[in-house]
Amino acid sequence: MVEAWPSRGQTPVSRISNMRATVRPSFKQPSSTVIHHSTNQQCISIQIPTIQKVAIVATPGGKVEVKDHPVKSAEELAPGECLLKMHCTGVCHTDLHARLSDWPVKPMSPLIGGHEGVGEIIAIGKGTTNSPVEIGQRVGVKWIADSCRNCEQCRKGYEQTCANVKLSGYTVDGTFSQYLVSFVNSVTPIPDALESNAAASILCAGVTVYRALKYSETSPGDWIVIPGAGGGLGHLAVQYAKYMGRRVIAIDGGEEKRQLCKELGADYWIDFTTTKDIVGEIKKATGGLGAHAAIVTTAHSSGYTQAVDYLRQNGA
């Protein structure tokens, strides 16, 4: 359970969605500016504070502290930038690595983390052309904050390896804030029927496992093994795989996880805490041939090493 910082006189607000923590910031600021925006023949006044609360890491490996931080004004936005008033944010294990600065590619410092948040666009940079989003629209911010969209990597759909990629909560300010500058060509519109706190985890965990399924080269009816099926990424992978017509073998431990995976549609359950031969059990479930693919959502190395043994020929 993660608590949002409260404004004076308010109590902390906590939300848990899709088995990942989401934080809903509260808004109460001492000073602000007002901008006016006309749409559909109506004039909308939007109040933008000059100071906000953020969760910030001042030095690599330091503690996360809630502090006052400037809000970029509408006039300061560059073409292509947009200012969001955040509704909520997810918290990912990557955020811990960013705080600790223990990855080879080091994050910015000071660091405002977070890369799975939802907010409302309240301003767009002057001079922005052909924006796919508009003021008042609810959008999501993902790990990839922006990329050049013109290089070979971007054109092939590998924006994450763009030489000029911007990473939310890592190389640019992230979603652990009340207001955030993002990019009109990279934010994701959120459907009206989807609540913000439910959408937040989809922007990281959901995108991750969806891409894995998309690249698994499997077809409806194929067997997919999901180690860690009852966790934050795993339980989404089970749902997506079933929606795509795959047969799912869920691996996790304990009765609570078993019930969750079965409720989400898993075809076969393996409890790693009681099963002595996981590879043999998977071969048994798949007619002796093995699974067509594995989507490993557990952090334990055995999830990867075992997959080599239970995949069928040309398995992914």
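This is a predicted model: local features need pLDDT of at least 70, side-chain atom pairs count only at pLDDT 80 or more; totals for chains, interfaces and linings use all residues.
Trainee: Which residues of α6 are buried, and how should I read their positions around the axis?

Mentor: The general idea is that an α-helix has 3.6 residues a turn, so residues three or four places apart point the same way. In this case the buried residues of α6 are Ile278, Val279, Ile282 and Ala285, and they cover an arc of only 125° around the axis, which puts them on the same side of α6. Just after this helix, Gly287 takes a positive phi of about 70°.

Trainee: Which residues of α7 are buried, and which are exposed on the other side?

Mentor: Gly303, Ala307 and Tyr310 are the buried residues of α7; seen down the axis of that helix, they fall within an arc of 75°, so they line one face. Thr305 and Val308, on the other side of α7, are exposed. The buried residues of α7 pack against β15 (223-227), α6 and β18 (293-294).

Trainee: How do I describe the way in which two helices pack?

Mentor: Two packed helices are described by the angle between their axes and the distance between the axes. Here α6, which spans residues 278-285, and α7, which spans residues 302-310, pack at an angle of about 45° with their axes 9 Å apart. The two helices are therefore oblique to each other, and their crossing is right-handed.

Trainee: Which residues make the contact between α6 and α7, and how do they divide by type?

Mentor: On the α6 side the contact is made by Ile278, Val279, Ile282 and Lys283, and on the α7 side by Gln306, Asp309 and Tyr310. These residues divide into 4 nonpolar, 1 polar and 2 charged.

Trainee: Turning to a strand, is His87 buried or partly exposed, and where does it lie?

Mentor: His87 lies in strand β7, residues 81-90, and is partly exposed, with a relative accessible area of 24%.

Key. Residues are numbered from 1 along each chain as its sequence is written. Side-chain values use heavy atoms; hydrogens and water are left out. Axes are lines fitted to C-alpha atoms, for helices over the stretch in contact, and angles run from 0 to 180 degrees between N-to-C directions. Helices (H or I, at least four residues) and strands (E, at least two) are DSSP runs, numbered from the N terminus. Angles under 35 degrees count as roughly parallel, over 145 as roughly antiparallel, 65 to 115 as roughly perpendicular and the rest as oblique. A crossing is left-handed if the near helix is turned anticlockwise from the far one by less than a right angle, and right-handed if clockwise. Contact means heavy atoms within 4.5 Å. Ala, Val, Leu, Ile, Met, Phe, Trp, Tyr, Cys and Pro count as nonpolar, Asp, Glu, Lys and Arg as charged, and the others, Gly among them, as polar. Buried means under 20% relative accessible area, exposed over 50%, partly exposed in between (1.4 Å probe, protein chains only). The arc is that of the directions from the helix axis to the C-beta atoms.
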